[in-house]
Every structure is written in C-alpha cells, then in structure tokens.
Amino acid sequence: MTIEKWFYLWLKEYGDGDIKKSTVGIYDGYIRNYISPKIGKMELSDLTAQKLQQLYDEELIQNKISAKTLRNINSMIHRSLKKAVRLEKKEKNPSDYVEL
C-alpha cells in the first residue's frame, strides 16, 4: 500500500469518528499539498525516519512553511502511523524519530 493510500484510508476509516470535520479538511489539504507530491507514491513499508526527516527539512527550507504548520503535519503523520503500527502495517512509527 502506498503512503498516499494509507493516509486517505486512515482519514476516512479511522479519522472520521475521532477527528473534527474541519480538521479532516485540513488533514486532506496536508496530504494533497505536502505528502502526496513528495512521498505519496512510496510504499508505506519503505517509509523511514530518514525519509520523513528529509521531507520536513525540504518543506521548511524550500517551501518555507511555518514551523507551526510543520508541527501540525507531523502530528497528523504521527497519528496515522501510530494506527498503522497498531494494525501491524508497520513495525515502528518513523515519526517518533524525527526532529522538528
């Protein structure tokens, strides 16, 4: 499963009851604008802390997103990957090892 597919599955299947509708819209924007273009086609199993850190560094430097937006994106990624670990789709959560 690709990262993009996982994030949309997580948002639809696991996020709807747990996340406010307005937040779901924001998360959809994060997936569409920041995650899918850079790492969306990568397999979920191939996502590492190093690749995630590289994404964050590029977004901060090249796209000049704010530190707050990056923290929000990381929070969403962390929640999603935490669920992936619980469902045994990943062994560990790479977002536990990145620096913001």
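Student: Quick one to start: is Ile39 buried or exposed?

Tutor: Ile39 counts as buried, with a relative accessibility of 8% (buried means under 20%, exposed over 50%, partly exposed in between, with a 1.4 Å probe and protein chains only). Keep in mind that this is a predicted model, where local features need pLDDT of at least 70, side-chain atom pairs count only at pLDDT 80 or more, and totals for chains, interfaces and linings use all residues. Residues are numbered from 1 along each chain as its sequence is written, and side-chain values use heavy atoms, with hydrogens and water left out.

Student: Okay, where does Ile39 lie, and what does Ile39 touch?

Tutor: Ile39 lies in helix 2 (helices are DSSP runs of H or I, at least four residues, numbered from the N terminus). Leaving aside residues up to four places away in sequence, Ile39 touches Ile3, Leu47, Leu52 and Leu55 (contact is heavy atoms within 4.5 Å). Its C-alpha atom is also 8.8 Å from that of Thr2, 37 residues apart along the chain.

Student: So how do helix 1 and helix 2 cross?

Tutor: The axes of helix 1 (residues 3-15) and helix 2 (residues 21-39) come within 10 Å and cross at roughly 170° (axes are fitted to C-alpha atoms over the stretch in contact, with angles from 0 to 180 degrees between N-to-C directions). The two helices are therefore roughly antiparallel (over 145 degrees; 65 to 115 is roughly perpendicular). Helix 1 brings Ile3, Glu4, Phe7, Tyr8, Trp10 and Leu11 to the contact, with Val24, Asp28 and Arg32 among the residues from helix 2.

Student: And helix 2 with helix 4, how do they cross?

Tutor: Those axes come within 11 Å and cross at roughly 100°, so helix 2 and helix 4 are roughly perpendicular. Tyr27, Tyr30, Ile31, Tyr34 and Ile35 in helix 2 meet Thr69, Asn72, Ile73, Met76, Ile77 and Arg79 in helix 4.

Student: Switching topic: how many aromatic pairs are there?

Tutor: Four across the whole structure (ring centres within 6.5 Å; planes under 30 degrees apart are stacked, over 60 edge-to-face, the rest tilted). Trp6 and Tyr14 form a tilted pair, 6.2 Å centre to centre with 35° between the planes. Trp6 is buried at 0% relative accessible area, while Tyr14 is partly exposed at 32%. Ring pairs also link Trp10, Tyr27, Tyr30 and Tyr34 into a cluster.

Technical notes. Parallel < 35°, antiparallel > 145°, perpendicular 65-115°, else oblique. Phe/Tyr/Trp six-rings, centres within 6.5 Å; stacked < 30°, edge-to-face > 60°.
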